[in-house]
Amino acid sequence: REGFDAARARVAAGTNDRRLATIDTLLDDMRDLEEGLLRTREEAAAQAYTLTLRTGALLVVLGLLSILLLGWILRRYLRERDTAAEMIFHQRQLLEATLTSIGDGVIVTDDTGRVTFLNDVAQRLTGWSEDEARGQDILDVFRIVGEDTRMVVPNPAMQALEHGTVVGLSNHTILIARDGSEWPLDDSAAPIRDAQGAVRGAVLVFREISERRARERSLARSERQFHLLAESIPQLCWVADAEGCIHWFNQVWYDYTGSAPAPLRARQWAGFHHPDHVARVLR
């Protein structure tokens with residue numbers, strides 16, 4: 001309260017020894033307290049340092065184990081991926097070899113109708129090589145028209161993509177090849193689905209049926225010739241199957257029986273015979 005100089009004079013004169021002793025005692029207590037706090041802090045720091053070292057060592061060990069585990073998982077994944085890729089590659093080779101070796105034409109598209117594969121038969125019939133056709137619109141590669149109308153008919157591959165179902169070609173369909181050649185066709189297209197059922201593409205399988213169409217025309221001519229011959233004779237003439245069901249009569253039969261030219265059910269024709277003769281006719 002009296003200032004620094006007065007305090008210094010009293011200390012020098014020794015007039016405040018009791019008060020100074022109290023202050024010294026207080027300072028000693030404060031020093032002891034401070035040293036105790038310092039020791040506590042040093043011990044806590046040492047414990048924290050030890051804990052930090054142990055934690056760091058544990059984290060390093062865990063990190064190394066994690067790296068090792070990650071490396072093992074990665075190596076396993078890469079092995080499994082390589083195995084799966086190799087399996088897919090071999091399956092694709094097997095599939096392509098199968099599609100290449102079969103006698104039908106095969107065209108595969110993606111989900112937009114772009115060609116991704118043609119086998120040899122399809123290449124021969126369409127006039128497109130696989131390299132040229134890959135990425136092309138199926139409508140440009142597989143051009144089909146009606147045999148009688150010459151009108152463009154719906155492409156079965158596009159229908160399979162749109163509806164997600166198997167689609168058959170229209171009857172009497174003609175494929176117009178790249179060079180203008182024409183091939184009568186038969187068969188169908190089907191959607192290609194992934195594991196979740198989504199349509200990812202379409203496969204079109206077709207065959208050229210010139211020989212079959214020629215046989216059909218020849219058979220039709222033979223039937224017309226037979227009918228002309230059967231209609232020109234004066235006798236009753238009819239054709240039955242092995243079960244005795246008659247599926248054709250000549251006009252003389254209709255004239256003789258007075259029946260109208262119409263299909264008869266099963267053995268309904270037996271009603272036109274005298275009962276005494278039906279058994280003999282059946283035999």
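Accessible areas are those given by the Shrake-Rupley method with a 1.4 Å probe. On that basis, the accessible surface of this protein comes to about 20,200 Å², and carbon and sulfur atoms account for 58% of it. The structure is a predicted model. Its secondary structure consists of 9 helices and 9 strands. The radius of gyration is 51 Å, well over the 19 Å that the globule rule gives for 283 residues, so the protein is more spread out than a compact globule.

**Overall form and packing**

- Taken along the principal axes, the box filled by the C-alpha atoms is roughly 170 × 55 × 40 Å.
- The C-alpha atoms of Asp24 and Arg213 are separated by 128 Å, and these two residues stand 189 residues apart along the chain.
- Asp24 is placed in helix H2, and its relative accessible area of 43% makes this residue partly exposed.
- Of the 283 residues in the protein, 23% are buried.
- Among contacts between residues at least 6 apart in sequence, 38% join residues at least 24 apart.

- Thr173 belongs to strand S5, which covers residues 173-176.
- The relative accessibility of Thr173 is 0%, and the cut-off for a buried residue is under 20%, so Thr173 counts as buried.
- When neighbours within four places in sequence are left aside, Thr173 is in contact with Ile144, Val145 and Val153, and also with Trp183, Pro184 and Leu185.

**Charged side chains**

- The protein carries 33 positive and 41 negative side chains.
- The centres of these two sets lie 3 Å apart.
- Side chains of opposite charge can pair when their charged atoms come close.
- A salt bridge requires a side-chain nitrogen of Lys or Arg within 4 Å of a carboxyl oxygen of Asp or Glu, and by this rule the count comes to 10 salt bridges.

- Glu80 and Arg76 form a salt bridge in which the closest N and O atoms are 3.2 Å apart.
- Both Glu80 and Arg76 lie in helix H2 (residues 17-101), where a spacing of 4 residues corresponds to about one turn of the helix.
- Glu80 is partly exposed, at a relative accessible area of 45%.
- Arg76 is also partly exposed, with a value of 40%.

- Arg134 is joined to Glu130 by a salt bridge, with 3.2 Å between the closest N and O atoms.
- Glu130, Asp131 and Arg134 are linked in a network of salt bridges.
- Arg134 is partly exposed, with a relative accessible area of 42%.
- Glu132 forms a salt bridge with Arg178, and here the closest N and O atoms are 2.8 Å apart.
- Glu132 lies in helix H4 (residues 130-133), whereas Arg178 lies in the loop between S5 and strand S6 (182-193), so this pair ties together parts that are 46 residues apart in sequence.
- Glu132 is partly exposed, its relative accessible area being 39%.
- Arg178 likewise counts as partly exposed, at 43% relative accessibility.

Notes: Residues are numbered from 1 along each chain as its sequence is written. This is a predicted model: local features need pLDDT of at least 70, side-chain atom pairs count only at pLDDT 80 or more; totals for chains, interfaces and linings use all residues. Side-chain values use heavy atoms; hydrogens and water are left out. Helices (H or I, at least four residues) and strands (E, at least two) are DSSP runs, numbered from the N terminus. Buried means under 20% relative accessible area, exposed over 50%, partly exposed in between (1.4 Å probe, protein chains only). Contact means heavy atoms within 4.5 Å. The radius of gyration is taken over C-alpha atoms; the globule rule is 2.2 Å times the number of residues to the power 0.38. Lys and Arg count as positive and Asp and Glu as negative; His and the chain ends are not counted. The place of a charge is taken as NZ of Lys, CZ of Arg, CG of Asp or CD of Glu.
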